[in-house]
Amino acid sequence: MSPTSDSFDLHPHRPERVAVEVPDTALDPELRARLHGCTVAIIGCGGLGSNVAEMLVRSGVGRLTLVDFDTVDEGNLNRQFFFRDQIGMPKVIALAENLQRIRSDVRLDLVQDRVTPENLVGLVRGACAIVEAVDEAGVKAMIVNTCLAELPDIPLVTASGLAGYGSTNAIVTERMADGLYVVGDLTSDVRDGHPLFASRVMAAAAAQAHAVVRVLLGYREP
């Protein structure tokens with residue numbers, strides 16, 4: 001007769017459970033207040049940006065500016081923070097809907113437009129940190145160069161190298177210049193034929209989000 005869950009102890013040598021008080025650091029009032037008073041601008045709301053936004057909202061950041069021109073399509077669902085019933089919606093609107101399901105008090109500024117050299121500074125001015133999360137290499141370079149030249153006091157967290165199925169241990173966060181942080185393995189690129197996996201994209205997004213949290217809390221090193 002096969003053992004049942006009622007008669008068979010799966011862990012016969014497990015010690016008796018002891019109640020342990022786990023400190024709830026998420027409720028630390030000073031940290032929460034500091035993050036709640038911050039605004040983060042996220043340029044690009046795809047695989048990186050949508051997941052960065054989710055993690056920043058869960059971390060307590062009070063206000064986000066979301067910039068993206070695109071709409072949700074079926075090919076986004078394998079790695080982006082959207083759902084099937086949102087296909088066809090502007091990404092900024094679909095993302096706002098999802099973020100407010102997590103925290104209804106988060107303040108969101110939505111910009112459904114392409115970022116350009118002409119509008120970039122106006123879109124992100126006043127932010128405490130900027131996240132670059134776009135796909136096109138030329139636009140990435142423009143964002144980095146413009147922010148370094150015209151907004152040197154606002155930390156910028158960018159990404160380079162997250163495609164493929166290489167180890168997530170290769171994804172690192174480096175401070176490349178004062179206020180410029182780069183997340184990724186710095187080599188793997190979809191243009192070289194590497195596919196995008198949710199697991200690796202989200203690992204990079206988590207690293208970007210955490211770099212932002214550290215910057216907002218006053219740490220210079222990633």
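Strand β1 is largely enclosed by the rest of the structure, because five of its five residues are buried (buried means under 20% relative accessible area, exposed over 50%, partly exposed in between, with a 1.4 Å probe and protein chains only). Thr39, Ala41 and Ile43 point one way from β1, Val40 and Ile42 point the other way, and all are buried. This is a predicted model: local features need pLDDT of at least 70, side-chain atom pairs count only at pLDDT 80 or more, and totals for chains, interfaces and linings use all residues. Residues are numbered from 1 along each chain as its sequence is written, and side-chain values use heavy atoms, with hydrogens and water left out.

**Chain overview**

- The chain holds six helices and seven strands. Helices (H or I, at least four residues) and strands (E, at least two) are DSSP runs, numbered from the N terminus.
- Along the sequence the pattern is α-β-α-β-α-β-α-β-α-β-β-β-α.
- The chain has 222 residues, and 45% of them count as buried.
- The accessible surface is about 12,300 Å², with 52% belonging to carbon and sulfur atoms. Areas come from the Shrake-Rupley method with a 1.4 Å probe; for residues, only the protein chains shown count as cover.
- Of the contacts between residues at least 6 apart in sequence, 68% join residues at least 24 apart. Contact means heavy atoms within 4.5 Å.

**The sheet**

- Seven strands form an open sheet in the order β3-β2-β1-β4-β5-β7-β6, with mixed pairing. Two strands pair if DSSP finds at least two bridges between them.
- β3 (107–111) and β6 (172–177) are the edge strands, each pairing on one side only.
- Neighbouring strands of this sheet are turned by 20° against each other on average, direction ignored. Axes are lines fitted to C-alpha atoms, for helices over the stretch in contact, and angles run from 0 to 180 degrees between N-to-C directions.
- β1 and β2 run parallel and are joined by five bridges. Ala41 has Thr65 as its bridge partner in β2.
- β4 (residues 129–132) and β5 (residues 156–159) also run parallel, joined by two bridges. Ile130 stands opposite Leu156 in β5.

**Helices on the sheet**

- Helix α2 (residues 47–59) packs on the sheet and touches β1 (39–43), β2 (63–67), β4 and β5. The direction of α2 makes about 165° with that of β1.
- Helix α3 (residues 91–102) lies across β2 and β3, at about 170° to β3.
- The twelve residues of α3 should span 16 Å at 1.5 Å a residue, and the end C-alpha atoms are 17 Å apart, which agrees. The expected span is 1.5 Å times one less than the number of residues.
- Lys91, Val92, Ala94, Leu95, Ala96, Asn98 and Leu99 are buried in α3. The buried residues of α3 pack against α2, β2 and β3.
- An α-helix has 3.6 residues a turn, so residues three or four places apart point the same way.
- In α5, Val139, Lys140, Met142, Ile143, Val144, Thr146 and Cys147 are buried. Their cover includes β1, α4 (120–124), β4, β5 and β7.

**Nonpolar cores**

- The largest nonpolar core has 43 residues; Val40, Ile42, Leu56, Leu64, Leu66 and Leu99 touch the most other members. A nonpolar core is a set of buried Ala, Val, Leu, Ile, Met, Phe, Trp, Tyr and Cys residues joined through side-chain atoms within 4.5 Å.
- Elements giving two or more residues to this core are β1, α2, β2, α3, β4, β5, β7 (180–184) and α6 (198–216). α6 gives the most, with ten residues.
- A second, separate core of 18 residues includes Ala41, Leu151, Ile154 and Leu156.
- Not counting residues up to four places away in sequence, Leu66 has contacts that include Ile42, Ala53, Leu95, Leu99 and Leu110.

**Two loop residues**

- Phe81 is found in the loop between β2 and α3. Phe81 is buried, with a relative accessible area of 13%.
- Beyond four places in sequence, Phe81 touches Ser50, Asn51, Glu54, Leu95, Asn98, Leu99 and Ile102.
- Phe81 and Ala53 are 28 residues apart along the chain, and their C-alpha atoms are separated by 9.1 Å.
- Leu186 is found in the loop between β7 and α6. Leu186 counts as partly exposed, at 38% relative accessibility.
- Phi of Leu186 is near 70°, a positive value in a residue other than glycine.
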